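Trainee: Hi, I'm new to this one. Where do we start?

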Amino acid sequence: ADPRIVPEASVIDEIGFEEASELCFFGAKVLHPQTIRPVIEATNGEVFIKNTFNPHKKGTKIGLNIIHKSEDVLSISSKKVTMFSIDAFGKNKKKDKIFAEIFKIAHEEKIMIDVIASSEVMISFCIESEILINNNFTSRIEKVARAENKERQAICIVSPKENQGKIGVAADIFRTIADEKISVNMYSQNSSEIAQLIVIDQKDKERAIRAIHHKFID
């Protein structure tokens, strides 16, 4: 985790490419997955992340064949997002048309949607707040259907790929959040079960990260 939030956080000795990619896309700023993929794929090799202030330290090895046998959670990252809530019935449009328009606008504005969830009457999704500053995404979305947007904090909890199918990890995350009296606005998990994303109020970010770190990593 970010040592500015969790003082007892430690360096990960080694991590798989898929797990590292999730962290990099979701708030970890040291590198971008597209900078290491060519090296990994061309050489079937390894990439080392080093501390430029202390180059003699071991750092973190990223590779294709890293196996984690015991950890339920490897790392936690976060970023500020804007959560959009769209009334799917607001303009008497079919839901599939609304989805098509959302993704068309996102593509044209070069926006990546981080989390998306829908019900019969509501479509909700999150976008990194920073990239919304200098584009027309928000104003264009408001023309698609009635929409509200609020700033939130998204937390990415990364587990080893070996955890796929393991029962109880998500339950423990939610129990830990509940014990802190924190409400979850949105939740998403990819099919590989490597990344679980929870969206919460910004004021609860540090408390949530510390609680999850204490539960799974300390």
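## Charged pairs and a sheet

Mentor: Let's begin with D87, which is buried at a relative accessible area of 16%. Buried means under 20% relative accessible area, exposed over 50%, and partly exposed in between, using a 1.4 Å probe and protein chains only. This is a predicted model, so local features need pLDDT of at least 70 and side-chain atom pairs count only at pLDDT 80 or more, while totals for chains, interfaces and linings use all residues. Residues are numbered from 1 along each chain as its sequence is written, and side-chain values use heavy atoms, leaving out hydrogens and water.

Trainee: Which residue does D87 form a salt bridge with?

Mentor: That's R146, with the closest N and O atoms 2.6 Å apart. The two come from distant parts of the chain, 59 residues apart: D87 is in strand β4, and R146 is in the loop between α4 and β7. Helices (H or I, at least four residues) and strands (E, at least two) are DSSP runs, numbered from the N terminus.

Trainee: Is R146 buried or exposed?

Mentor: R146 counts as exposed, at 59% relative accessibility.

Trainee: What counts as a salt bridge here?

Mentor: A side-chain nitrogen of Lys or Arg has to be within 4 Å of a carboxyl oxygen of Asp or Glu. By that rule, the count comes to 18 salt bridges.

Trainee: What about E109, which residue does it form a salt bridge with?

Mentor: E109 pairs with R140, their closest N and O atoms being 3.1 Å apart. E109 sits in the loop between α3 and β5 and R140 in helix α4, so distant parts of the chain are linked, 31 residues apart. E109 counts as buried at 18% relative accessibility, whereas R140 is partly exposed at 26%. Both also belong to a network of salt bridges that links K104, E108, E109 and R140.

Trainee: Changing topic: what's the order of the strands in the sheet?

Mentor: It is an open sheet of 6 strands, ordered β5-β6-β4-β7-β9-β8, with antiparallel pairing. Two strands pair if DSSP finds at least two bridges between them.

Trainee: Why is one side of β5 and of β8 left without a neighbour?

Mentor: Both stand at the edges with a single partner strand each, so one side of each has no neighbour in the sheet. Neighbouring strands here are turned by 25° against each other on average, direction ignored. Axes are lines fitted to C-alpha atoms, for helices over the stretch in contact, and angles run from 0 to 180 degrees between N-to-C directions.

Trainee: How many bridges join β8 to β9?

Mentor: There are 4, and the two strands run antiparallel. For example, S188 has L197 in β9 as its bridge partner.

Trainee: Which strands does helix α3 touch?

Mentor: Helix α3 (residues 95-108) packs on the sheet and touches β4, β5 and β6, its direction making about 10° with that of β6. Contact means heavy atoms within 4.5 Å. Helix α4 (residues 137-144) lies across β4, β6 and β7, and runs at about 40° to β4.

Trainee: Last one: where does E193 lie?

Mentor: E193 is in the loop between β8 (186-189) and β9 (195-200). Leaving aside residues up to four places away in sequence, E193 touches S159, N163, Q164, G165 and K166.

Trainee: How far apart are E193 and E162?

Mentor: They are 31 residues apart in sequence and 9.1 Å apart in space, C-alpha to C-alpha.
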